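Trainee: I am new to this structure. Could you take me closely through a single part, and then show me what lies around it?

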Amino acid sequence: MEGKNIRKRFITGEVEVEVLKGIDFQVFKGEFIVLLGQSGSGKTTLLNIIGGMTQASDGELYYKGQPLHKMDDHGLTLYRRDEVGFVFQNYNLISNLTAAENIRLVREIAREPFTVEEVLREVGLEDWANHFPSQMSSGQQQRVAIARAIVKNPDLLLCDEPTGALDIKTGIQVLNALQKLHHEYHKTVMVITHNAEIAKMADRVFYLKDGMLDHITVVEHPLAPEEISW
Amino acid sequence: MVVLRRKTWRDIRENIGVYLACILVIAIGLLIFTAMSVMMESLERAQQNFYREANFADGFVKLTGYPESKINSLTYVPGIRQVEGRIVKDVRLLDQNQDSNRYLRMVSQDMTNPPQINKLHLLSGRLPADSKPEIMVDPQFMAANHLALGDSVTTIIEGNQAVFYITGTAQSAEYIYVMRTAQELFPSPKDFGIAYIPLNSLKALVKEKGQVNDLVFTLSSGTDFESVKESLQSELKPYGLQSIIARKDQTSHAILDAEITQNKNMSKVLPLVFLGVAAIILYTMLKRLIEAQRGIIGTLKAFGFSNREIIGHYLFYPALIGILGGLLGGLTGIALSFPFTILYNQFFVLPNLKSQFSLKYLLIGLALSLSFSLFSGIRASLEIIRLEPAEAMRPPAPPQAGKILIERIQLFWQLLTAQAQMGIRNAFRIKVRSLFNIIGIAVVFSLMTISWSMQNMMALLTTVQLEEVQKYDLKFQLSRLSAASPVRLDLSHEAGVSAVEPLLEAPATLRNGWRKKEVVIMGLVKDSSLYNILDKNRRRVEVPANGVLLSAQLAKALQVKAGDLIEVESPLRRDTLEDKKVQLLVQGVVPQYIGSNAFMEDKNLQAFLRQGEISTSLLVKIKQSEVARITSKYRNADNVATIESISDSSKMIKELMDSYNYVTWLYAVLGGITGFALIFNSSIIILSERKRELAALRVLGMTPREVLRVITSEQWTLYVLGVLLGIPLAYAMEYGLAQALSGDLYSLPSELPPIALLGAAIGTACSVLLAQYRAYYRIKSLPYVEILATRD
């Protein structure tokens with residue numbers, strides 16, 4: 001994936017706010033990228049543009065050579081359907097569907113999906129398939145959200161503060177699940193966080209500041225989740 | 001999309017009450033639609049079949065006497081296909097109870113050469129034998145008088161007693177709706193029936209030897225009735241022609257047709273009212289559902305669900321409601337059409353009148369219900385397309401906050417509790433939804449006024465007509481057109497009689513250009529004290545010395561107003577070809593609730609008819625204690641055909657109306673259910689939107705009742721605005737209803753009494769209260785700790 005001069009402006013009434021002020025980046029297949037920055041630095045907006053959730057106001061974005069910035073709503077829908085898996089800070093599970101049903105919902109629109117059992121096993125929740133979100137802990141809910149994101153077998157997994165609402169123990173469980181996917185299935189994973197410790201398990205870290213990509217660091221020896229703490 | 005369906009079912013189960021309420025409102029609309037449509041189709045089918053089977057006449061002629069031998073010659077009149085003559089006579093029944101006033105209309109049947117027009121449908125028993133004292137009667141008369149085959153009835157025919165044995169019951173296409181006069185409004189089978197008697201048996205008893213006093217004819221296809229009428233008028237005038245009327249004006253047919261037309265119109269309008277309210281409920285409910293599931297929609301979009309798939313998911317809710325409501329209403333409507341069609345038999349005796357399962361109306365109903373449901377669903381879910389997934393993931397911008405207009409009235413605002421202030425602000429801030437709810441309440445309110453206004457209309461119809469217009473106690477119908485003075489003189493010397501006035505009722509054709517109406521012109525004496533013509537403020541209007549007064553219905557049909565000229569002709573007028581038509585000045589237009597007449601001064605009408613000082617009846621004001629004596633004395637008089645008692649008619653109509661009062665209350669009940677559904681839905685929406693605030697109030701120590709006030713104050717605000725909007729709507733509905741139900745036979749006054757508005761306001765308030773009562777239990781069981789502990 002390659003982004004060139006990505007800009008995003010929001011207009012509220014008569015006020016125009018530029019959230020991204022021209023970002024250039026490249027992401028390679030199978031990389032584990034962490035986007036780090038303070039609140040309001042533009043992390044979520046950039047992730048949303050990468051995930052086809054919204055269009056950039058300016059700039060070019062290519063995924064596997066396809067210009068995402070030229071795609072219409074239908075093209076972006078197919079891109080999200082076939083290529084991207086999302087994990088949200090607040091899990092966004094549908095409360096009146098069980099864990100397995102939340103996953104099956106997404107599986108129904110996928111082309112080459114994993115089975116529900118497989119992904120639940122991957123996140124260590126094979127015994128919780130028939131539980132509703134309200135019957136599970138926060139960590140378990142986030143792992144269901146990860147299972148739901150990966151069941152489509154997407155090449156790109158985008159996670160917005162996946163541990164933001166979790167304590168350290170459950171946070172590590174979730175990060176483990178993400179790293180396992182990255183290692184075993186060679187998925188490209190991009191994780192947003194404002195927690196600098198998590199950056200230690202990435203291949204590369206994008207530092208965002210005031211809507212700009214401040215700098216990129218390469219992590220020579222990524223750590224396992226158990227080796228970090230916050 | 002198996003899992004999304006599962007989500008739908010669970011969403012529905014969580015708020016089953018609101019969905020059921022909505023299904024119920026749709027079902028009510030569809031029930032009315034299918035029941036009325038199926039009933040009217042059955043009525044029309046039975047009517048058409050019977051008319052075909054009976055070879056129902058296209059024209060009806062009344063005259064004094066026409067030679068039997070000449071009847072066949074009338075077939076040479078261009079356009080006439082068949083013509084037959086009969087003797088038709090109203091005869092009084094002689095009862096043990098001398099005061100009773102029962103009549104039979106004897107209609108002769110040629111047994112040797114059975115009639116080919118208006119052929120009878122034998123329902124039970126056998127045909128009477130020729131020249132024998134045997135008759136068949138209509139089934140309603142038979143049942144109402146507890147008669148059986150073989151029973152006898154004693155009649156007075158032209159002053160002589162005659163006993164007839166009942167051999168069977170039969171039905172004629174001419175008397176599907178049996179009324180003695182068009183003024184009676186309702187059938188009274190106990191007091192009046194039709195008897196079919198062999199021509200030879202009747203001939204032996206009446207003076208019309210070798211003559212008939214009634215003709216019926218059919219037309220060749222493509223013939224214009226008017227041209228035939230013209231030819232017949234000149235042919236029949238010398239024989240005492242009284243009237244030639246087309247099938248469309250024949251009383252029984254006109255009433256049956258009006259019933260079918262009115263109900264068909266109602267079956268189109270009323271369901272739309274209910275479906276409209278259902279659409280409001282569905283729209284607000286789905287809009288809230290979609291707002292509440294904004295995050296879910298964002299998630300689905302993020303995972304690649306297309307707009308079509310997501311909208312399809314949210315349209316499944318209204319589609320399901322539409323189908324279930326449509327099926328429930330449609331099937332119940334069809335089921336109810338069976339007993340209701342049977343009820344119709346009380347008024348309209350039509351052989352083989354029965355309802356049938358109608359796939360057509362079930363499918364039309366379903367399509368109607370689905371269209372309304374899907375329309376509201378599409379309106380509510382359009383925003384989904386607009387939302388970018390990233391935007392959908394964020395909570396919506398909070399509604400604009402600021403002072404509302406009412407807050408500026410400080411004195412009033414300060415009087416309100418904090419909960420009331422919250423509720424009222426909410427009502428004014430969510431403008432579109434509030435507006436929809438106000439419209440819904442206004443519709444419910446105006447629906448409820450129908451109950452009172454219908455009763456008021458019917459009460460006015462009868463009290464004004466029978467107590468203020470017709471001031472006489474008895475009406476002596478003379479047996480032939482004659483000078484009324486001898487009988488008048490006799491009557492005026494009777495004890496207890498305080499006034500006697502002659503009345504001349506003349507059939508006539510009124511024309512204004514191509515518009516024309518067949519009417520009866522009432523010739524009233526100057527300064528009549530027994531028949532009042534009233535204006536719309538119920539002030540007496542004098543019958544004009546020159547020209548004519550027209551009923552409002554008549555003026556509307558002819559498109560004339562006071563000051564216009566109309567052409568008048570009458571079969572009773574002794575005229576020459578050159579001056580057949582006379583122009584009369586319309587002096588005024590007056591409301592008339594029963595019947596649709598023109599009014600002239602009798603001298604004026606007599607001068608127009610050129611038959612001298614003639615009358616058709618006498619109106620008598622008499623002490624009630626003398627009624628029986630006078631009736632008994634004159635009922636057999638040779639020149640008195642019938643004696644009508646106003647108090648009898650009034651009593652009968654009132655009794656009948658009382659027994660049908662429940663039908664008018666139906667609107668109040670249906671309106672109440674709709675109002676309940678509307679307000680209950682609104683409560684659930686407010687609960688879902690504001691659950692965190694309400695939970696916080698509970699945690700702060702407020703009782704469920706205190707928390708409920710947030711919801712109720714919003715709803716009472718909407719209620720007040722809804723009722724205010726409902727008042728003009730109720731007037732419009734009342735006017736529309738009066739117009740739709742008015743015809744030549746009667747015209748309903750459009751007047752909405754304050755009690756109707758008050759009653760509807762109370763009725764609507766009751767449905768609001770009932771819905772709030774349900775909401776109270778929701779608040780009572782609100783898991784406030786859980787709500788506050790979870791994120792939105």
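In which sense do strand β3 (residues 32-37) of chain A and strand β8 (residues 188-193) of chain A pair, and over how many bridges?

Mentor: Keep in mind that this is a predicted model. Strands β3(A) and β8(A) pair in the parallel sense, and five bridges hold the pairing.

Now widen the view. β3(A) and β8(A) belong to an open sheet of six strands. Read across chain A, the order is β6-β7-β8-β3-β9-β10. The pairing in this sheet is mixed. At the edges stand β6 (84-87) and β10 (212-218) of chain A, and each pairs on one side only. Neighbouring strands are turned against each other by 20 degrees on average, direction ignored.

A helix covers part of this sheet. Helix α6 (residues 168-185) of chain A lies across β3, β7 (156-160) and β8 of chain A. Against β8(A), α6(A) runs at about 155 degrees.

Strand β1 (residues 2-12) and strand β2 (residues 15-26) of chain A run antiparallel, and nine bridges join them. β1(A) and β2(A) form a hairpin, with two residues between them. In that turn, G13(A) has a positive phi of about 65 degrees.

Is N5(A) buried, exposed or in between? N5(A) has 14 C-beta neighbours inside 10 Å, so it counts as partly exposed.

N118(B) lies in the loop between β4 (103-109) and β5 (121-125) of chain B. With 21 other C-beta atoms within 10 Å, N118(B) is buried.

How do the two chains meet? Chain B puts 21 residues in contact with 21 residues of chain A. On the chain B side, α1 (2-14), α7 (294-302) and α10 (389-392) each supply at least two residues. The largest share of that side comes from α1(B), with eight residues.

Now chain B as a whole. It has 792 residues, and 45% of them count as buried. Its secondary structure comes to 23 helices and 22 strands. The C-alpha atoms of chain B fill a box of roughly 100 × 55 × 55 Å along the principal axes. Among contacts in chain B with a separation of 6 or more, 85% link residues 24 or more positions apart.

β2(B) pairs with strand β10 (residues 211-219) of chain B over six bridges, in the antiparallel sense. One of the bridge pairs is I80(B) with L219(B) in β10(B).

The helices come next. Start with helix α2 (residues 16-54) of chain B, which packs against helix α9 (residues 359-386) of chain B. Their axes are 10 Å apart and the angle is about 150 degrees. α2(B) and α9(B) are therefore roughly antiparallel. The crossing is right-handed. Residues of α2(B) at this packing include I26(B), L30(B) and F33(B), while those of α9(B) include Y361(B), L362(B) and G365(B).

α2(B) has a further partner in helix α6 (residues 251-292) of chain B. Their axes come within 9 Å and cross at roughly 165 degrees. α2(B) and α6(B) are therefore roughly antiparallel as well. This crossing is left-handed.

Finish with helix α20 (residues 691-699) of chain B. Its buried residues are L694(B), A695(B), L697(B) and R698(B). They cover an arc of only 155 degrees around the axis, so they lie on the same side of α20(B). After α20(B) comes G701(B), with a positive phi near 110 degrees.

Technical notes. Residues are numbered from 1 along each chain as its sequence is written. Chains are lettered from A and ligands numbered from 1 in the order in which they are written. This is a predicted model: local features need pLDDT of at least 70, side-chain atom pairs count only at pLDDT 80 or more; totals for chains, interfaces and linings use all residues. Two strands pair if DSSP finds at least two bridges between them. Helices (H or I, at least four residues) and strands (E, at least two) are DSSP runs, numbered from the N terminus. A residue is buried if 20 or more other C-beta atoms lie within 10 Å of its own, exposed if 12 or fewer, and partly exposed in between; C-beta atoms are placed from the backbone. The arc is that of the directions from the helix axis to the C-beta atoms. Axes are lines fitted to C-alpha atoms, for helices over the stretch in contact, and angles run from 0 to 180 degrees between N-to-C directions. Angles under 35 degrees count as roughly parallel, over 145 as roughly antiparallel, 65 to 115 as roughly perpendicular and the rest as oblique. A crossing is left-handed if the near helix is turned anticlockwise from the far one by less than a right angle, and right-handed if clockwise. Two residues are in contact if their C-beta atoms, placed from the backbone, lie within 7 Å.
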